[in-house]
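I want to jot down what I look up here, one stop at a time.

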Amino acid sequence: MFTPLGLFKDVPCPQGSKCALLTCIFSHTDVSPASVAAPAPAVTPRAADNDATFKEAPPSKRRKTEASTDGAEEKSRSSSLTNIKSGRDQTSTANIAPDAARRDSSQTPSRDVKSLQSINRGVSPPPIRAASNPKGSTAAVKDTSQPSGASPTRMPPRQAPKESLNPRMITKAPASHAVRSAILAKLHSAMVALNEKVAKDPDSTKKALVLSKDELITMALDEEEKAAKGNPAVYANVIKLRIVKLGKMSKEDWEKEVTAHLNARYYKIPTSQKPQNPQTFTTELSEKEEIAVASKLITPLIGREKFGYVTKAPSQQEVESAKEGVQFAKGFESCDRCGGRFQVFPGRREDGTLATGGQCSFHPGKPIYPSRKQTDHITGDRPAYLPCCNETVGTSAGCTKAEYHVFKISEVKRLASILQFEETPPQPDKGPLPPVCFDCEMGYTTLGLELIRLTAVSWPEGKELVDVLVRPMGEILDLNSRFSGVRPEHYANAIPYGSEDGETKETPLQVVDSPAAARALLFKFLQPETPLIGHAIDNDLNACRIIHPTIIDTVMLYPHPRGLPMRMSLKVLCKRYLDRDIQTAGDKGHDSKEDARATGDLVRVKVAETWKMLKRQGWTIEGDKLVAPPGVDQKLNTGRGVLGPGAGQKRKDPTRTEPST
């Protein structure tokens, strides 16, 4: 029944005293709404026999006659009123103020007493509120801590709204009501199946995760509505993929989703995406021993120049030819995101324009190619799709818009025409230096993809060495914050390198004036023989314009089944080999310090595997050097020798392609 609007409150009810409705839309001048709808016990004639106010307004004779047509009805009425009186005594309603008693007793109901549910309904105490933690928020679903005397498995009460399995109305529906209803029914069925699995679990601690019928309907409605509002253009694809995922979901994953849903809807506890502190990885070796074993993981670069690794700086003649080509092109480039042609103006055009072509529409996600199955020759190959919007590749221009088109330079001589490559200089006065892990973040400027942040940490302990923002040489078109994590406010709050800011709790990042200045800072911690560690390190070295002969690239230590140029992403490798989640900030971007340390830990995993192999072959460690057994070449490189490519990796479908970062 819908809530009445009060449009007929001044119109007498046609049924008069015979009206049996609990909430009638018409007027009953002799009936008080409070006496009809209030669940609390009202002051009855028998309870108010001694009340002077009641004697002034006795009940009407007509109602008394109607309510006492036979002895059985009178007996039932007396019994009901007696129960109400006893319930009122138990709940201490005798302390009602005289005005309230007068107001209640003065209202003479004209309906049959038997038709009023408030007369026959028992008096219930108010529900017990959930215990709150010291911070004021309700306890989470999985939190078993309760106040003293409470049951350890008792959870805060939750009440789901009573809704039907009918799609909620929205302003712009992405599909017809029939289509949405059919999809919603399938989504609800998948959730019911998973909920039954949890209900059958004998573990008593999981009972709080078993959803009621109303809670399942609410969860399905919430998810369908979110997909309809958030992705109307690809609503069908998003919700169908979700149904398929639920069908394959394990009970443990479903319990995590239920916990997040309950915390968000009923307990108002936001689920934090902040990664947990990673567990410390140990190799059972000392730092010197790890460094000694890491010398066998050096990645040879000769022969890999075609994959972006630079081993020799371009000549001056090549640099001049690249400059002539740029001048001849008159600033026309191909967009790195949408592929469209546009013109860029380094130094700005006379009217202040940086680039032409208007807004850029693109897909920020890289295509994902589903693994092949034996039935594909019958059902057909499943097309590649984009994870950003779940659209099939080639079906839409883009789901994201940016102010400018952007471009990336890959040609080595053109990179050198902007800033020449430089080899790591020797520093004889410093002696041997420990390995360094480094990671860079890049943004788009009028000169291409430039360095905007450089971070270096020591290996294997992961101590910070350098972490600076870098002012690019070109005008910024897009900081690429979705991946770089660098935003305009970082530059606005940055302080010059070398200065200290002790007034704030969190010291802002320091900034250097150019990529050359950042490169000079990194050179302070390197010798030509110092292992420089990175993931897809060719991108970082080219951004800094560095030629370093001694590198350890995790792309080479954990090669893709298809080989170069295909590469496993750092996020996938960390999850697989470290059981660690990184890059979890979503649109906030990556953290170069986190990535650098994760890369170093991946190398430590390979060091542990390599040492086990070498130890079986008779190798030993004396001091900080590896000693080979008799008859074995001391310079044997285990990066592509003893272990071979892909050693220690889990078997994987070679037809599947994973995104790389």
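Before anything else, a convention: two strands pair if DSSP finds at least two bridges between them. Strands themselves are DSSP runs of E with at least two residues, helices are runs of H or I with at least four, and both are numbered from the N terminus.

Ground rules next. I am looking at a predicted model, where local features need pLDDT of at least 70 and side-chain atom pairs count only at pLDDT 80 or more, while totals for chains, interfaces and linings use all residues. Residues are numbered from 1 along each chain as its sequence is written, and side-chain values use heavy atoms, with hydrogens and water left out.

Entry: I started at strand β7 (residues 448-458), which pairs with β8 in the antiparallel sense over five bridges. Thr455 stands opposite Asp467 in β8. The hairpin of β7 and β8 has five residues between the strands, and I noted Gly462 there with a positive phi near 80°. I then checked the other partner: β8 runs parallel to strand β11 (residues 510-512), joined by three bridges. Val470 has Val512 in β11 as its bridge partner.

How many of the seven residues of strand β8 are buried? I get five for β8 (residues 464-470), so the strand is largely enclosed by the rest of the structure. Buried here means under 20% relative accessible area, exposed means over 50%, and partly exposed is in between (1.4 Å probe, protein chains only).

**Entry: Thr550.** I found Thr550 in the loop between β13 (546-547) and β14 (551-553). Is Thr550 buried or exposed? Thr550 is buried, at a relative accessible area of 14%. Leaving out residues up to four places away in sequence, I list Ile298, Pro528, Glu529, Thr530, Pro531 and Leu532 as what Thr550 touches. A contact is heavy atoms within 4.5 Å.

**Entry: Ile25.** I placed Ile25 in the segment before α1 (33-37). Ile25 is partly exposed, with a relative accessible area of 35%. Together with Leu5, Leu7, Phe8 and Val11, Ile25 forms a nonpolar patch on the surface, about 510 Å² of accessible area in total. Accessible areas come from the Shrake-Rupley method with a 1.4 Å probe.

**Entry: whole chain.** I count 21 helices and 16 strands in the protein chain. Of its 661 residues, 41% are buried. For contacts between residues at least 6 apart in sequence, 66% join residues at least 24 apart. The protein chain exposes about 37,600 Å², with 53% of that from carbon and sulfur atoms.

Technical notes
Patches are made of residues with over 30% relative accessible area and no salt bridge: like charges are joined within 9 Å, nonpolar side chains (Val, Leu, Ile, Met, Phe, Trp, Tyr) within 5 Å. A salt bridge is a side-chain nitrogen of Lys or Arg within 4 Å of a carboxyl oxygen of Asp or Glu.
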